[in-house]
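This briefing is intended for a reader who is new to the structure shown below.

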Amino acid sequence: MAIEKIETKKVSHIIEEKLEEMILEGQYRIGEKLPSVRMLCESFGVGRSAIRDAITALKGKGLVEVKQGEGSYVKAFDVHTLLGSKYWNLYEKDIRELFQARKIVEVGLAELAANHRSEKDVEDLHYILTTKKGWESDFLFHQKLACIGGNTVLLQFIDLISAPLKQTLVKFHQYIQNNKEKVSIIEAQHMSIFQAIKERKSKKASEEMLMHLSTVEEMLQETSSM
């Protein structure tokens, strides 16, 4: 039996993957400065050249911006650049299972949010829905609901699925962006969830969330059949 050669990854590539994962999962947020080269060397236990190569690769992917004399900063997400990322490989089965999980968790989160929301939470949700657009508004809205619920375990679960969730939302909004009717439906559903939470109607909030997730799932299924 032939033995296949095992390919070993360069240290810089391993660090690149780790930093990319941390950025896409939100551990380093947009506009945030990455630790200095010296600090990253200490954290990863590697030399400066490996860190510099990793950052150069991330810059090439459009994930970071290197400012001379200042350091490296996380850039706003460029959808077209990120489509090459390892996170953008969900298949139909993965999307179906993701939405099964979201229905189980986020329907309950909407109910929790309605019961626990503060006036500041209401202001934050309204700000997201009225100032942000497309997938970013969608992602931040659902992420904020998880924070309002106050359940640490559920919030960690949402963090865990944040990368594939971003992928799905970007794909979804690319699909509906030229269909005003679909865009209006999604925006109206978000506002209905918001209104129920604002009025502390927990049962209504959970019902609206279930309807919303089912609608998005159905629309996404249309993309897989195209």
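**Helix packing and nonpolar cores**

Helix 7 passes helix 9 in a right-handed crossing. The model is a predicted one.

**Helix 7 and helix 9**

- Two packed helices are described by the angle between their axes and the distance between the axes.
- For helix 7 and helix 9, the packing angle is about 140 degrees, and the axes lie 9 Å apart. This angle makes helix 7 oblique to helix 9.
- On the side of helix 7, the contact is formed by Gly134, Trp135, Asp138 and Phe139; on the side of helix 9, by Ser162, Leu165, Lys166, Leu169, Val170 and His173.

**Helix 6 and helix 7**

- Helix 6 and helix 7 cross at roughly 170 degrees, and their axes come within 9 Å. The two helices are therefore roughly antiparallel to each other, since angles over 145 degrees are counted in that class.
- Helix 6 contributes Asp121, Asp124, Leu125, Ile128 and Leu129 to the contact, where they meet Ser137, Leu140, Phe141, Lys144, Leu145 and Ile148 of helix 7.
- The residues of this contact divide into seven nonpolar, one polar and three charged.

**Lysine 144**

- Lysine 144 belongs to helix 7.
- Its relative accessible area is 17%, so lysine 144 is buried, the cut-off being under 20%.
- Not counting residues up to four places away in sequence, lysine 144 touches Asp121, Asp124, Leu125 and Ile128.

**Nonpolar cores**

- In soluble globular proteins, nonpolar side chains tend to be buried together.
- The largest nonpolar core has 26 residues, of which Leu125, Phe141, Leu145, Phe172, Ile197 and Met209 touch the most other members.
- Two or more residues of this core come from each of helix 5 (92–116), helix 6 (119–131), helix 7 (134–149), helix 9 (162–176), helix 10 (180–198) and helix 11 (202–224).
- Apart from this core lies another, of 16 residues, which include Met22, Tyr28, Leu34 and Ile51.
- With its neighbours within four places in sequence left aside, phenylalanine 141 is in contact with Leu125, Ile128, Leu129, His190, Ile193 and Phe194.

Conventions. Residues numbered from 1 in each chain as written. Predicted model: local features only at pLDDT ≥ 70, side-chain atom pairs only at ≥ 80, totals over all residues. Heavy atoms only, no water. Core = buried A, V, L, I, M, F, W, Y, C linked by side-chain atoms within 4.5 Å. Buried < 20%, exposed > 50% of the residue type's maximum accessible area, 1.4 Å probe, protein only. Helix = DSSP H or I, 4+ residues; strand = E, 2+ residues; numbered from the N terminus. Contact = heavy atoms within 4.5 Å. Axes fitted to C-alpha atoms, helices over the stretch in contact; angles between N-to-C directions. Parallel < 35°, antiparallel > 145°, perpendicular 65-115°, else oblique. Left-handed = near helix turned anticlockwise from the far one by under 90°. Nonpolar A, V, L, I, M, F, W, Y, C, P; charged D, E, K, R; others polar.
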